[in-house]
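Please examine the model shown below. The paragraphs that follow lead from its sheet to the helices and then to its aromatic rings.

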Amino acid sequence: MKKTLSPSLNAGSLASLPKATVKAFLETLSAEEVRFLADWWPFWARPDQLPPHGDWTTWLLLGGRGAGKTRAGAEWVRGVVEGGAQRIALVAPTFNDVREVMIEGPSGLMNIGPEAGRPRYEASRKRVVWPGGAVGYAFSAEDADGLRGPQFDFAWGDEVGAAEDLHGV
């Protein structure tokens, strides 16, 4: 992108400006820049949907239905994959939840970001594979022992509180 965008520029800040200012800004963007903004999560996310700064090991998103928790988690996974992560554990209460929400859902991994960078789902192997070779492995809290053994760079747990055996996960 030719323009340097301010980190404080986001859809919320833009929407708070006068319509004429927004229109003038949008008219300065090239088609490439518009495509970039369409998929640039920091532009669309609320501040509470972005990962914390610094060195952390656990990030809890607590909110009701429609709060954007799944989208935030999927975008975080997309970010760590783009940053070089190769093996990611995807954990939900059931395998169906992993597939229907985390992978194939409207805010799931297969429906965010530029199409060329989206993973493909290999249902028979319970995994998603990104074009660059990173792999996300699906796990169910119903079979917490399935997480024993494999090594992962990162893990995303969705709806952890809904797992029947939370201590086993």
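Strands count as paired if DSSP finds at least two bridges between them; β2 and β3 (residues 127-129) run antiparallel and are joined by three bridges. The bridge partner of Tyr 121 in β3 is Val 128.

This is a predicted model, in which local features need pLDDT of at least 70 and side-chain atom pairs pLDDT 80 or more, while totals for chains, interfaces and linings use all residues. Residues are numbered from 1 along each chain as its sequence is written, and side-chain values use heavy atoms, without hydrogens and water.

The structure holds seven aromatic pairs (Phe, Tyr or Trp rings, the six-membered one for Trp, with centres within 6.5 Å; planes under 30 degrees apart are stacked, over 60 edge-to-face, the rest tilted). The rings of Trp 76 and Phe 154 are edge-to-face, because their planes stand at 90°, with centres 5.5 Å apart. Since Trp 76 lies in helix α5 (residues 69-82) and Phe 154 in strand β5 (residues 154-157), this pair ties together parts 78 residues apart in sequence; helices are DSSP runs of H or I of at least four residues. Trp 56, Trp 59, Trp 76 and Phe 154 form one aromatic cluster.

Key:
Helix = DSSP H or I, 4+ residues; strand = E, 2+ residues; numbered from the N terminus.
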